[in-house]
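Q: Hi! Could you walk me through this one? I'd like to begin with the ligand.

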Amino acid sequence: MGKNTVTLTNNSTNESFEFDLIECTRGPKAIDFGKLFEKTGIFSYDPGYASTAGCKSTISYIDGKNGVLLYRGIPIQDLVAKYKFTDICSLLISGELPKDSTESAEIDLELRHLSFLHEGLINIFKAFPDGAHPMANLSSAVGALSTFYKDYMEIDNDDEYQMMAKRMIAKIPTLVAFSYRNSIGYPNVYPDISRSYVENFLFMLRAFPDGKLKRTLQGEVEIDKLEVEALDKIFTLHADHGQNASTTTVRNVASTGVHPYAAISAGINALWGPSHGGANEKVLAQLAEIDDAKNVDKFIARVKDKNDPFRLMGFGHRVYKNYDPRAKVLKGLKDDLAKKGIKMNNKFSDIAEKIEEVALKDEYFIERNLYPNVDFYSGIILTALKIPVSLFTPIFVIGRMPGWCAQVIEHIKSGARITRPRQVYEGK
Ligand code: SDX
């Protein structure tokens with residue numbers, strides 16, 4: 001059977017052109033427009049790339065209509081229920097989940113051994129003033145990794161790909177913890193590799209300079225395993241998400257042939273924006289501004305007022321035109337933690353649930369398919385885990401790191417040409 005094709009007719013010149021339809025395993029097919037300009041002398045125009053595939057990928061799949069997210073073909077609900085974040089890192093990077101609990105423990109331990117930073121790199125944080133936003137020093141520190149770790153700059157075989165990814169995944173929690181402690185004038189606490197990957201991160205955030213956690217008359221207050229499990233799930237839910245703005249940035253920068261540290265540092269900066277990963281921090285500010293569930297209707301009215309630029313942070317999505325499956329898991333996790341005694345900010349939780357209740361019945365949101373997204377409930381949980389708001393987007397960075405690394409590797413392996421879009425010129 002011949003290839004499936006589509007025919008494009010230019011009605012102003014009556015010329016017709018044929019283009020191949022690219023097959024896929026799930027979701028929409030794509031018209032191969034690689035030769036559109038060559039054949040027709042015309043560009044396609046799709047600002048924001050709402051209908052444009054810039055690459056082929058096997059890493060994650062989003063069904064926006066039905067609210068489905070798969071990592072390597074497996075629904076995230078199954079993964080978050082059965083596996084640790086470090087297992088998901090293996091799935092995204094190598095394509096395989098650990099075959100048993102021993103392999104799972106080995107993966108976690110190997111990452112802890114790689115979690116230390118070159119002493120010279122640690123000085124970078126001292127250059128930043130107290131109060132510097134951790135995303136600022138984090139993107140600088142990740143770019144600076146290339147000056148301390150000169151191997152894996154040119155990666156052209158699988159072992160090097162894997163080692164580069166393990167290094168980034170292992171060091172990012174330490175970089176986040178150090179960037180935060182420096183932003184509040186605290187000395188760093190080094191990784192304690194007797195603790196798991198996720199617990200180690202909470203330890204580096206909370207421990208006193210002597211490496212001890214908070215003490216009471218009864219002794220040292222250990223880190224609650226419920227907190228570790230909750231943060232582990234949050235990292236998993238953020239691990240990859242198709243060609244979102246920061247992943248597209250990472251792939252575009254990688255397409256110039258520069259080393260992965262530069263590509264991922266660029267991705268961190270892209271994620272920082274309030275329309276993207278920075279939304280989780282803005283949701284908390286918005287809940288504080290609304291301050292009481294009885295004020296929700298007033299804010300919903302502001303959303304609908306064309307003259308008011310107010311947008312509901314944590315709502316809406318370019319791809320999901322249904323409830324973001326990650327938001328569903330996070331909402332359930334919030335309620336589960338509260339039932340198990342983790343102190344939740346009930347006022348914020350009530351406001352968020354009231355917003356969801358009102359919005360999902362409101363014509364404005366219904367006709368635009370606006371639902372809660374991954375950022376809507378995550379901040380309420382992170383607050384309950386005693387994570388400072390300035391670390392919400394850096395937490396997203398830790399979760400997304402395996403996805404970015406997997407996407408860089410996929411892009412380099414695909415032999416992709418440099419990303420170089422065209423323009424519709426309207427100048428003189
Ligand atoms: C993430 O892409 C990914 O996969 C990202 C992400 C990932 O895992 O990587 O899922 C993570 O970034 C989640 C999104 C976090 N951002 C926010 O929560 C910020 C608030 N949401 C938006 O600004 C918006 O919904 C976007 C940026 C997420 C999507 O923007 P689009 O697809 O460009 O949609 P749009 O701006 O064209 O909006 C379409 C309509 C407009 O109304 P009309 O002009 O048709 O009248 O919907 C309205 C918008 O005004 N709208 C909103 C809204 N989001 C869209 N109205 C009020 N509140 C909102 N949040």
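A: Happy to! This is a predicted model. In it, a polar side-chain atom of R400 sits 2.8 Å from an oxygen atom of the ligand.

Q: How much of the ligand's accessible area does the protein cover?
A: The protein covers 76% of it, where the ligand on its own has 1,100 Å².

Q: Which side-chain atom of H276 lies 2.8 Å from a ligand oxygen?
A: A polar one. K306 also takes part: an N or O atom in its side chain is 2.8 Å from an oxygen atom of the ligand.

Q: And which residues come nearest to the ligand?
A: H241, L312, H317, R318 and R326, out of 24 residues around it. The shell divides into 9 nonpolar, 8 polar and 7 charged residues.

Q: Where does the ligand lie relative to the domains?
A: Between domain 2 (74-276 + 394-414) and domain 3 (279-384), because both give residues to the shell around it.

Q: Switching topic: where is I387?
A: I387 is in the loop that runs between α17 (375-384) and α18 (392-413).

Q: Buried or exposed?
A: I387 counts as buried, because its relative accessibility is 4% and the cut-off for buried is under 20%.

Q: What does I387 touch?
A: Leaving out residues up to four places away in sequence, I387 touches F201, L202, L205, L382, F392 and I395.

Q: How far apart are I387 and L237?
A: They are 150 residues apart in sequence, and their C-alpha atoms are 17 Å apart in space.

Notes:
Residues numbered from 1 in each chain as written. Predicted model: local features only at pLDDT ≥ 70, side-chain atom pairs only at ≥ 80, totals over all residues. Heavy atoms only, no water. Helix = DSSP H or I, 4+ residues; strand = E, 2+ residues; numbered from the N terminus. Buried < 20%, exposed > 50% of the residue type's maximum accessible area, 1.4 Å probe, protein only. Contact = heavy atoms within 4.5 Å. Near = heavy atom within 4 Å. Polar contact = N/O pair within 3.5 Å; in protein donor to acceptor, adjacent residues only side chain to side chain. Areas by Shrake-Rupley, 256 points an atom, 1.4 Å probe, with all protein chains shown as cover. Nonpolar A, V, L, I, M, F, W, Y, C, P; charged D, E, K, R; others polar. Domains from an automatic or database assignment.
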